[in-house]
Amino acid sequence: MDKFRMIFQFFQSNQESFMNGICGIMALASTQMYSAFDFNCPCLPRYNLAYGLGILLVPPFILFLLGFVLNNNISMLAEEWRRPQGQRGKDPAVLRYMFCSMAQRAMIAPAVWVSVTLLDGKCITCAFCTSVPVETLGNASHPRLSQGEIQRVLARIPCKEIYNGQELIANEVAVRYLRCISQALGWCFVLLMTILAFLVRSLRPCFSQAAFLKSRYWSHYIDIERKLFDETCAEHARSFAKVCIQQFFEGMSTDLVAAHCHLPRKAPVDAGEAAEKLLGITDRGTMNMALKSWHRCKPPLHLHPPVIPTGNGWAGEGQPPTHASVPRRETASYYSWV
């Protein structure tokens, strides 16, 4: 249990670790889904290709979309992409980094599904059984069969129990031929995905390290800023509700006292602290205006506003400053698992 708890804490350490864990679980789920899937080829000339390629390609597409749905950053990306310009510009490099990061993680489960499917060979056997070279592997000069009848016989190769074309081509030979091709494609696909993952993960920072670091930093910043804004809104809503409830009960107690019902009164605890957390926003209209302002014109990313000059160019009245104020240097470090 301690090992599982440590793994769970690691997944919760940051957003990227959490999404890596989700993608790993989806990859394992895709293999379990394929092993539990009952593959039944229709064994008909016009339906084998559609069924085989459908099983090979449709589930990976669904898993790819599911990877985007389970990623919490998809809503953040859409919000950042669609929000107005406001006081803060939108960096296309950051948006591209966020989208590529989500796409890479969402591709893990589909890649596992395609790899397992090709290595198993059932889909390729079902889809391309009518393309078996009978001239090379079987008896192409078999009498009494037209071209259409040969296609119907070959379409029954995946269905061993109803296959009746042993005189044309042996079922074991055709299945072995198609499965070898499928496994070769599967290993080529695994090798291609491994090479692409290596290039993306290792060589991408080498060509544009500064741009890569900036994009990753501001991507993390947007995520952290959104979390802090949600926490601040939740804290304000809690304080607002607490003050509203206290005022309601104070009003009720005042009415009861006016009605000559003497009840013991106790001073509310932490009423001043809850009122301070409201930050001057004490009505619904003001709060709605603050939320709209946050969406439309987010504050600029500049913590030290410049000195406002007066008519003679200095902030002071006719007296220039003796020494320019040197801003304090601050250093921040951010560690992330990529």
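Reader: Is Ser-219 buried or exposed?
Author: Ser-219 counts as buried, because its relative accessibility is 9% (buried is under 20% relative accessible area, exposed over 50% and partly exposed in between, with a 1.4 Å probe and protein chains only). The model is a predicted one, in which local features need pLDDT of at least 70, side-chain atom pairs count only at pLDDT 80 or more, and totals for chains, interfaces and linings use all residues. Residues are numbered from 1 along each chain as its sequence is written, and side-chain values use heavy atoms, with hydrogens and water left out.

Reader: Which element holds Ser-219, and what does Ser-219 touch?
Author: Ser-219 sits in helix α11, residues 209-258 (helices are DSSP runs of H or I with at least four residues, strands are runs of E with at least two, and both are numbered from the N terminus). Not counting residues up to four places away in sequence, Ser-219 touches Val-94, Tyr-97 and Met-98 (contact means heavy atoms within 4.5 Å).

Reader: Which residues of α5 are buried?
Author: Val-94, Tyr-97 and Met-98 are among them, as are Leu-95, Ser-101, Met-102, Ala-103, Arg-105 and Ala-106.

Reader: How many residues does α5 have, and what is its reach?
Author: Helix α5 covers residues 92-106, which is 15 residues, and reaches 21 Å from its first C-alpha to its last, close to the 21 Å expected at 1.5 Å a residue (the expected span is 1.5 Å times one less than the number of residues). At the start of α5, a side-chain oxygen of Asp-91 comes to within 3.2 Å of the backbone nitrogen of Ala-93.

Reader: How do α3 and α5 cross?
Author: The axes of α3 (residues 48-70) and α5 come within 8 Å and cross at roughly 130° (axes are lines fitted to C-alpha atoms, for helices over the stretch in contact, with angles from 0 to 180 degrees between N-to-C directions). That makes α3 oblique to α5, since angles under 35 degrees count as roughly parallel, over 145 as roughly antiparallel, 65 to 115 as roughly perpendicular and the rest as oblique. Leu-63, Phe-64, Gly-67 and Phe-68 of α3 make the contact with Phe-99, Met-102, Ala-103 and Ala-106 of α5.

Reader: Changing topic, where is Cys-126, and which residues does Cys-126 touch?
Author: Cys-126 is in helix α7, residues 122-127, and counts as buried at 0% relative accessibility. Not counting residues up to four places away in sequence, Cys-126 touches Phe-39, Cys-41, Pro-42, Asn-48, Leu-49, Tyr-51, Gly-52 and Pro-158. Cys-126 and Leu-44 are 82 residues apart in sequence and 9.5 Å apart in space, C-alpha to C-alpha.

Reader: And Cys-43: what is its phi?
Author: Cys-43 has a positive phi of about 60° although it is not a glycine. Most residues other than glycine have a negative phi. Cys-43 is found in the loop between α2 (15-36) and α3, and counts as buried at 4% relative accessibility.

Reader: Lastly, how many helices and strands does the chain have?
Author: The chain has 13 helices and zero strands. Buried residues make up 27% of its 338 residues.

Note on methods. A polar contact is a pair of N or O atoms within 3.5 Å; within protein, one must be able to donate a hydrogen and the other to accept it, and residues adjacent in sequence count only if both atoms are side-chain atoms.
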